[in-house]
Structures are given as structure tokens and as C-alpha cells.
Amino acid sequence: MFNRNRYLPPLAVIASISMVTGCGVFSSDAAGDADPIVVGTTSTPSTLDPAAAWDSSWELMRNVFQPLLNYSPGGAEPEPDAAEKCEFTDSSSTMYSCTLREGLKFSNGHALDARAVKHSFDRIMKINVNGGPAGLLGTLSRVQTKGDREVVFHLSQPDATFPLVLTTPAMSIVDPADYPADKLREDGKITGSGPYNLASYTEGEKAELVSNGNYKGLAERKNSGVTIRYFPQSDEMVKALKSKDISVVYRGLGAEDIVDIQANHDEEGLQIVENPTTEISYLVFNPKDTWAKNPAVRKAVAQVLDRPALAHNVYKDTVEPLYSMIPRGLVGHTTGFFDDYGNPSATKAKAILTEAGITETVPLTLWYTSDRYGSQTKPAFEELKRQLEASGLFEVTLKSRPWKTYSEGYQKGEYPVFGRGWNPDFNDADNFIAPFVGEQNALGTPYDAPEITDELIPASRAESDRGAVAEEFEEAQQILVDDARLIPLWQGKAYTAANEEIAGLDHVIDPATMMLMWQLSWKTSW
């Protein structure tokens, strides 16, 4: 059973957000003199340019770039970051205005003004990377500047989720001098205005972050710098933690590692914290593939899958079975796949295929990424293969690639069936439906679902009370269940482990499950 209290409450979208301008940067001799804190993760960025990022690249971007709105540690509602205040300025929620803080600068010393904000949003829409964050800006018509500090976003329709979109790292403000208007930046560098500067970056190995002296914003930095090390496998990362080569690990902890640290943390001088999360894992079926495009094949797969066995046997109950694309803890969550399919049944699955005229064994190729979601990913897909083949209805081939080439492959439509994880851009049911449907979506494969994109989503976005949109999202989920192009597998929990010398773990994960590096500190620096 789920413990509902473990999960984040739905975020309330507020019409007006304001705060007093100020730097708010923590400083002390101890923090300034301490060695950088070394954080390990298996989530290597696929890009350093926000205009192309709708994946784990956000983890790094959250700490080196700055959006207009952000989350304070432990907070559930967006607050001004680069902005001094933001608000809807009309009764129809189609004009959203933000006033910037005074004296903002990029890390290179250039002024961060309204022109830079407009440039940042315009280039996302102009470049329009396939599977990129332009999909988050479906309601944005144009960006207007008023003087040096005011920016007005004109929306094509009411969109109460727009302030939440502005919190995402994809909406980070970039310097027009370094980021071309019509193409991605490709020199492997970053010019931001966040709490840290990127001092050096080696793809797939490490990123060195140092304090940004020009920063003015929401974050209160509690360390002098952070080094992020990227690991291909979680076992190597945990070994580095136990040998004190790194001090913190997040993303990619294997289930056995979590269980081991929980049982032996005192003896090993470690700590582990479970943070609320609405992370989900799911399968995607490519409508261009001969077999995956067949609804009967998809429904037969849904009928065979044993989520509790996957959660228990592979993930050691560090995840929980999920039966809809909207996870527990959010308005609109249902259990549609369980309601419609019930317990796993090869007999029912065979009947589905037979009724569609399919009597032969169905060949399916399932793809997964080898280096992003932790060491349990390979065993998880081996378990899925076992379950499907045990039914006698499928012959499954497993294939994998490292994340960078894996993400390029699914955006090009190369995979018949592939696994994805989803850490929310913002904690609202909208973000577990809208990104996956429509011509431009996060999966790279168009998903025509007009009832969702043209009716249900617009109707829900017109409602400023996000607790009053359950009906729209329940209907949207049933459409997804009926189509079975997306099959949810499990809902995760976010675990952060660290050496005993590290403080700040309780509020280091934001509502979008990204690590706020500035919250970490050495206990001796307090």
C-alpha cells in the first residue's frame, strides 16, 4: 500500500508572487575556505544549452542558471528568483508580467535585462529542438519587453500552469552575446547567472562549480563550491561514497545499495534520507513500428505485466507499482490500468491478441538506457522480458545505449518500445499528461490525442484552483489507458546518501526532484 502522506501535495498556482529584492547569499569564513563538496550521480547531462534540455541536464542547469521563478528549500510554491515580482495582469490569465531585480548580471559581467529574458524564450521556440522544451511553451504567443526590467508574456489561452513552467531550468535566462538566436551553443561552456559558475566540464566525467560572485537571487549558498562526478554505474558510485572519494550521492542509487545503506549506515559512517517524489517510470510504444502500433499488442503487454513483482523482486520495494501516468499524491490520480486489466493474466492477453487476428508469437524489441536510471534498469528490463515471454505470447529482444545516444535515438523514432523515467518539471497533474501528447512532445514521437490537447488540457489550465481539475485529468488518463501507448510501471522515491560530515540533506531536493547544491554544507562550517 502507498503511504499518501509521503508524497508532495499538489502545488497551488498563485496569481501574484513578490518578494523584497536582495542578494540573500550566505557567507562565512568557514564556508569560503572549505573544500568543494563532491556529489556523485549517474545522470550525465545530454546538453549544456537550456534550449535543448528536457531531461536530466536540468540537474546541472538548476545550479548554474537562473529562471525568473524558483523554489526555496522545502517550499512547494514558486517564488521570485531573477524576478522581483511576477503576476497575471489580466482577468483571463493570458498576460503574465515579471519585473526583474535591479542590477542582475551574468557570470561574465554582462547585464541581465529584459532583452536577455526575451531572447532566451524566443530562441527556445525558434530553435524548436525535437523532444526539447519548446513543448512546455505551447500557450506562449510572444514575449514583450517594457524598458530594461519588465517582461510581459502573452499567452494564446488561459494557462494557470505558466508560472510553474517558468520555474523549470529550460526557462533559464541566457546571455544573448553567448547564445545564438537561431542555433544551440556548442562550445561546451555555460554563461549563467545562478549561484554557481561552471569552472570546468568534462563530458561524462565531472563538472566543477564555483561560487558566482555576481549572483542575486533566491538561493542561500552554504558552501564555496561543488564538484559533480558522473558515474556510468551506481555500484562504482556507492563504492566511491564508502571510500570517501565523494561525499554525496543522488540519482542512480541501486535498490540493493539503498537497502544496504539503510541497514548499515551507522557502521559505515553514512546517512540516507528519503525525500518525497512523484518520479515515475513507464514504457513508450512507437506508432511507426509494425507491432508496437497495434493497439491489441499494447493492450496484451499491459495485461501481462506484473508491476508488484517488478517492484519487489528487482527494486526491493524501493519503488511502488503505478497504474496511471499521474502518480499518487497529485490531483486526478487514478488506477486506470488496474481497473481495466486487473491482475496479470496470460489467458486474457491471448484473448486480446486472438480477437485482433494475431495468433503468432509477437516479436518486440525493448530498449533501455544503460547509464542513467541506476544499476536496476538492466535487471528491470530482464524482468519485463521474463514476464512477457513467460506468457508464451511474446519473443523479446533487449537492447541498450548510453543516455546521450539513447535520447537521440528515441527522438528520431528508432525504437519500437522504450523505457523512460519522468521527474516532473513541476508538481501538477498537467505535467504528467501534456508533455507526452501532441505534435511536439518530450518523447520525440508525435501523439495525436485531440480530446486531450484541444479540450481537456485547455479546460484544466483555465482553472486557477489546481485542486478543482480532477475530472479533466481523470478523463485524460482513461484515454491513455484505452490507447495503451504509454504504460506506467512504477512510482519512485528519492534517496540521497552522504557521509556523516555533510549537512543539508533534508531540503536538498526541490519539488521537481533536482538537487539544490547550494543547500549542502560541511558540518564543521556551521
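## Terms and basis

A residue is called buried when its relative accessible area is under 20%, exposed when over 50%, and partly exposed in between, with a 1.4 Å probe and protein chains only. This structure is a predicted model, in which local features need pLDDT of at least 70 and side-chain atom pairs count only at pLDDT 80 or more, while totals for chains, interfaces and linings use all residues. Residues are numbered from 1 along each chain as its sequence is written, and side-chain values use heavy atoms, with hydrogens and water left out.

## Salt bridges across the sequence

The whole structure contains 20 salt bridges, each defined as a side-chain nitrogen of Lys or Arg within 4 Å of a carboxyl oxygen of Asp or Glu. One of them joins Arg62 to Asp510, with the closest N and O atoms 3.0 Å apart. Arg62 belongs to helix α2 (residues 58–64) and Asp510 to the loop between β21 (502–503) and β22 (521–522), so this pair ties together parts 448 residues apart in sequence. Helices (H or I, at least four residues) and strands (E, at least two) are DSSP runs, numbered from the N terminus. Both Arg62 and Asp510 are buried.

Asp428 and Arg466 also form a salt bridge, their closest N and O atoms being 2.9 Å apart. Both of these residues are buried.

Arg386 and Glu383 meet through their side chains in a salt bridge of 2.8 Å, N to O. Both lie in helix α11 (residues 377–390), 3 residues apart, about one turn of the helix. Arg386 is partly exposed, at 46% relative accessibility, whereas Glu383 is buried, at 9%.
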